[in-house]
Amino acid sequence: MKILVVGAGATGGCFGARLAAAGRDVTFLVRPARATALRAGGLVVRGPLGDLVLRPHLVTSAARPYDLVLLAVKAVTLDRTVVDLTPAIGADTVILPMLNGMRHLDTLAERFGADRVLGGVCQVTTTLTPDGEILQLNTRQELAYGPAFQPGPNRLAAVDAALRGAGFTARTSPDIRQEMWDKWFHVSALGAITCLMRGVVGEVVAAGGAEVAERIVLEAAATAAAAGYPVSASVFDRTLATLTEPGSRTASSLYRDLTKGLPTEADHLIGDLIAHAARHGVDTTLLRLAHTHLSVHEHRLSDPIAAATTDRRLPDGPPLVR
Ligand SMILES: NC(=O)C1=CN([C@@H]2O[C@H](COP(=O)(O)OP(=O)(O)OC[C@H]3O[C@@H](n4cnc5c(N)ncnc54)[C@H](OP(=O)(O)O)[C@@H]3O)[C@@H](O)[C@H]2O)C=CC1
Ligand SMILES: CC(C)(CO)C(=O)C(=O)O
């Protein structure tokens with residue numbers, strides 16, 4: 001099975017490297033700057049499971065169809081990426097997105113047809129270092145997938161066979177939409193509290209923020225329930241425990257992007273959750289606060305004037321109040 005991994009970043013680089021190291025036929029679609037870096041230094045994955053250095057097969061434009069496309073870009077570049085990967089989609093291509101959130105499923109189905117789109121949940125904690133290496137922050141690496149729409153791709157069994165036995169847990173899901181909502185609930189709540197407070201979980205808890213974290217978890221859970229995807233008690237409890245654990249260094253990719261000064265998936269993750277909540281009349285005051293906070297960051301990235309005026313003092317003048 002010919003596999004195209006789109007994006008050799010924190011997730012695509014990690015799972016793609018494992019697949020390539022296991023002998024699968026893997027090509028990475030990357031943009032030119034990433035291609036240059038990977039040609040110079042190789043694809044490097046470091047972490048508690050051991051280090052891996054590969055000379056991956058790279059293309060900077062897709063010239064032919066593949067059997068399986070593993071889509072591993074951030075939502076912020078999704079629109080551009082679906083254009084770039086169009087030549088890779090043939091009559092029998094199956095697309096497995098690794099993005100957090102849900103909205104990308106509709107984007108992919110509208111562009112390429114629902115019968116070739118799988119839902120996917122990617123359980124890994126990885127980040128790109130300034131050198132472009134992939135750093136795995138714990139030992140969990142799991143990919144779950146299943147039809148996102150009915151009827152689903154008829155090649156699911158072949159996809160499953162290609163992904164299994166490559167050094168990470170790969171499994172089909174009986175209800176991938178619920179699993180995606182579970183992950184979305186978790187990552188949005190975690191992203192909201194850590195970004196809002198600008199700290200990892202342990203720092204927020206030490207500052208007295210556990211109650212705020214719990215209220216954010218309740219808002220996210222109420223939204224999932226109202227949308228028809230209630231999280232189970234065990235998913236709820238695990239997320240609440242993760243977000244309120246004293247001393248924990250846990251954060252999310254949303255927080256890592258914010259603190260690195262990068263564009264974030266705020267709209268895709270928290271904005272879209274708020275939109276679902278609004279449709280069902282669910283109160284999301286704290287999620288909206290987090291979204292506003294992140295939107296200021298996004299605005300500042302795209303507006304050089306706002307960025308340049310960060311340090312401007314209030315002009316001298318009469319006092320505003322007595
Ligand atoms: N990191 C994590 O721990 C986890 C992340 N996720 C989710 O996975 C998704 C991907 O995140 P992550 O891997 O961390 O993101 P990264 O930013 O680390 O990687 C994305 C990669 O996509 C590349 N890219 C962007 N546009 C294109 C394009 N048009 N063609 C080819 N390559 C492109 C970028 O390359 P370039 O260098 O050119 O910008 C970048 O290397 C997100 O939705 C995230 O929420 C899910 C689970 C865990
Ligand atoms: C589960 C978690 C929080 C792991 O990093 C994640 O998916 C993310 O950071 O985007």
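How many of the residues of strand S8 (residues 118-123) are buried? Keep that in mind while we set up the view.

**Before you click**

This is a predicted model, where local features need pLDDT of at least 70, side-chain atom pairs count only at pLDDT 80 or more, and totals for chains, interfaces and linings use all residues. Residues are numbered from 1 along each chain as its sequence is written, chains are lettered from A and ligands numbered from 1 in the order in which they are written, and side-chain values use heavy atoms, with hydrogens and water left out.

**Stop 1: strand S8**

Select residues 118-123. The answer is that 6 of the 6 residues of S8 are buried; buried means under 20% relative accessible area, exposed over 50%, and partly exposed in between, with a 1.4 Å probe and protein chains only. Helices (H or I, at least four residues) and strands (E, at least two) are DSSP runs, numbered from the N terminus. Leu118, Gly120 and Cys122 cover one side of S8, and Gly119, Val121 and Gln123 the other, all of them buried. Two strands count as paired if DSSP finds at least two bridges between them. To see one such place, click valine 121, which stands opposite alanine 144 in S11.

**Stop 2: the open sheet**

Next, look for 5 strands in the order S5-S2-S1-S6-S7, which form an open sheet with parallel pairing. Strands S5 (57-59) and S7 (89-97) each have a single partner strand, so one side of each is left without a neighbour in the sheet. On average, neighbouring strands here are turned by 30° against each other, direction ignored.

Zoom in on S1 (residues 2-6) and S6 (residues 66-71), which pair in the parallel sense over 4 bridges. Leucine 4 stands opposite valine 69 in S6, and the bridge partner of isoleucine 3 is leucine 68. Strand S6 is mostly covered, with 5 of its 6 residues buried. On to S7: 5 bridges join S6 to S7, and leucine 70 stands opposite leucine 96 in S7.

**Stop 3**

Select residues 266-279 (helix H11) and 285-302 (helix H12). They pack at an angle of about 150°, with their axes 10 Å apart; axes are lines fitted to C-alpha atoms, for helices over the stretch in contact, and angles run from 0 to 180 degrees between N-to-C directions. Which residues meet here? Ala266, Asp267, Ile270, Gly271, Leu273 and Ile274 in H11 meet Leu287, Arg288, Ala290, His291, Leu294 and Glu298 in H12, where contact means heavy atoms within 4.5 Å.

**Stop 4: an annotated stretch**

Colour residues 175-295, which UniProt lists in an unreviewed entry as "domain: Ketopantoate reductase C-terminal". Over residues 175-295 the chain is 73% helix and 0% strand, and the end C-alpha atoms are 32 Å apart.

**Last stop: arginine 198**

Finally, click arginine 198, in the loop between helix H6 (176-197) and helix H7 (201-206). Arginine 198 has a positive phi of about 50° although it is not a glycine.

Conventions: UniProt positions renumbered as here; feature names shortened; annotations may be inferred.
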